[in-house]
Amino acid sequence: MKMNSLFPVLLIVIFSALFCPGCTAEEDNDEFKVGVVAVTSGELFRKGNYIITAARYGAERQNRLGGLGLSGKQYKVRLIPADSNGKPEIAVKVTRRLIEQDKVSAIVGAASSKVALAVAKVCEEYKIPFITPVAATNKLTSYKYSFRVSYTNAVQSQALALFAKKNLKLEDVGIIYASASPYSAELAFFFRKDYQKYGGRVVAFENYGLGQRDFSRQMKNIIDSKARILFLPGNTKTVQLQVAQARKQGFEGILMGSDSWDPIELKRNPLFKNSYYTDHWVPGLSIAGAQEFEKDYKKQNGVDPTELEALTYDAVMSLFAAAEKAGTIKPVSIHDALVDMPPFHGVTGTFDYNNNGDPDKDVIISTFRDGNIAVQCVINLN
């Protein structure tokens with residue numbers, strides 16, 4: 001064939017590769033690409049490192065087993081991390097890059113509700129399945145392509161209200177929440193509604209602004225209200241400041257928190273004695289596979305896994321199970337498999353992604369006992 005007759009053929013091939021609509025990474029080095037959006041800079045870098053380490057552990061474990069068998073073809077899992085810097089606007093940029101440039105089949109990660117909502121919006125636009133291990137805002141439920149392993153705010157609020165009714169004997173409650181945080185505000189309003197429904201009284205309902213560090217006014221109002229329970233649905237650093245100020249002003253009652261509390265930081269803090277919070281996983285749980293995961297994770301990484309690492313592991317492993325059920329790396333098919341697959345038996349328990357992408361699962365209430373984390377009870381809301 002002459003060169004001048006070959007040239008049009010080459011042009012067709014090039015233009016087809018560049019502009020073929022709907023082309024995916026199906027033939028790209030036999031890889032199953034997964035984006036991992038996690039904050040690895042700033043004050044929340046620790047959470048991001050938990051997510052990346054756990055996702056990598058799950059991917060390496062899957063690859064040691066031969067990767068993913070999809071319709072008779074083996075695919076190696078390849079993780080592509082991206083730093084959100086804990087900011088929604090940056091999360092949007094890195095999510096678009098993962099989808100448009102890296103051609104990922106799915107995305108996991110995003111610890112905070114604000115970042116998760118930003119990622120969810122982009123994934124909805126591109127029809128890419130997104131699984132967050134821990135973001136709890138109920139606003140995420142409206143996104144068809146978003147899933148989560150953690151409880152929704154509505155679920156954990158109801159569980160906490162039921163626990164306060166049955167175990168704490170309907171003591172009066174004071175609440176302090178971050179008005180600018182969808183996570184914190186949702187928990188505060190849901191809990192107040194549920195607790196009142198169960199016959200309890202919320203005698204103080206205080207909010208605070210972004211970056212605030214002095215909570216003396218709010219704590220005075222809560223103490224003056226004679227509240228015996230203080231509910232603090234905030235991040236760990238803020239909660240520690242609030243509890244220190246509350247105790248200093250004389251609050252001696254019970255502390256209640258949510259799954260934003262970092263038990264590793266709080267368990268040795270004497271100010272958190274007599275406190276309870278929603279939890280997802282603790283070492284030694286009698287769940288099939290949980291103790292094996294705990295031992296092997298420590299062997300591979302040199303440290304004990306945390307709750308966030310266990311949730312992230314369940315997120316990636318449930319994603320791999322859905323991909324194998326779908327038999328393809330095509331995102332829409334994986335989304336359908338996540339909805340349709342049977343209940344997934346993870347290390348944080350058995351859960352079933354419902355049609356809204358939220359998991360149907362029991363709620364763990366934990367406490368701190370003798371400097372350790374201990375399960376207080378397990379609540380089934382079904």
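How many residues does helix α8 have, and how far does it reach from its first C-alpha to its last?

Modeller: The model is predicted, so local features need pLDDT of at least 70 and side-chain atom pairs count only at pLDDT 80 or more, while totals for chains, interfaces and linings use all residues. Residues are numbered from 1 along each chain as its sequence is written, and side-chain values use heavy atoms, without hydrogens and water.

Helix α8 covers residues 236-248, which is 13 residues, and reaches 18 Å from its first C-alpha to its last. That is close to the 18 Å expected at 1.5 Å a residue (1.5 Å times one less than the number of residues). Helices (H or I, at least four residues) and strands (E, at least two) are DSSP runs, numbered from the N terminus.

The buried residues of α8 (buried: under 20% relative accessible area, exposed: over 50%, partly exposed: in between, with a 1.4 Å probe and protein chains only) are Thr236, Thr238, Val239, Gln242, Val243, Gln245, Ala246 and Arg247. These buried residues pack against strands β7, β8, β9 and β10 and helices α7 and α9, where contact means heavy atoms within 4.5 Å.

Lysine 169 has a positive phi of about 60 degrees, although it is not a glycine, and it is exposed, with a relative accessible area of 62%. Asparagine 274, in the loop between α9 and β11, also has a positive phi, near 70 degrees, and is partly exposed at 35% relative accessibility.

Elsewhere, six strands form an open sheet with mixed pairing, in the order β2-β3-β1-β4-β5-β6; two strands pair if DSSP finds at least two bridges between them. Strands β2 and β6 stand at the edges with a single partner each, so one side of each has no neighbour in the sheet. Strand β2 pairs with β3 in the antiparallel sense over three bridges, and leucine 68 stands opposite tyrosine 75 in β3.

Helix α11 packs on this sheet, touching β1, β2, β3, β4 and β5. Helix α11 also packs with α12 at an angle of about 110 degrees, their axes 8 Å apart (axes are lines fitted to C-alpha atoms, for helices over the stretch in contact, and angles run from 0 to 180 degrees between N-to-C directions). That makes α11 roughly perpendicular to α12 (under 35 degrees is roughly parallel, over 145 roughly antiparallel, 65 to 115 roughly perpendicular, the rest oblique).
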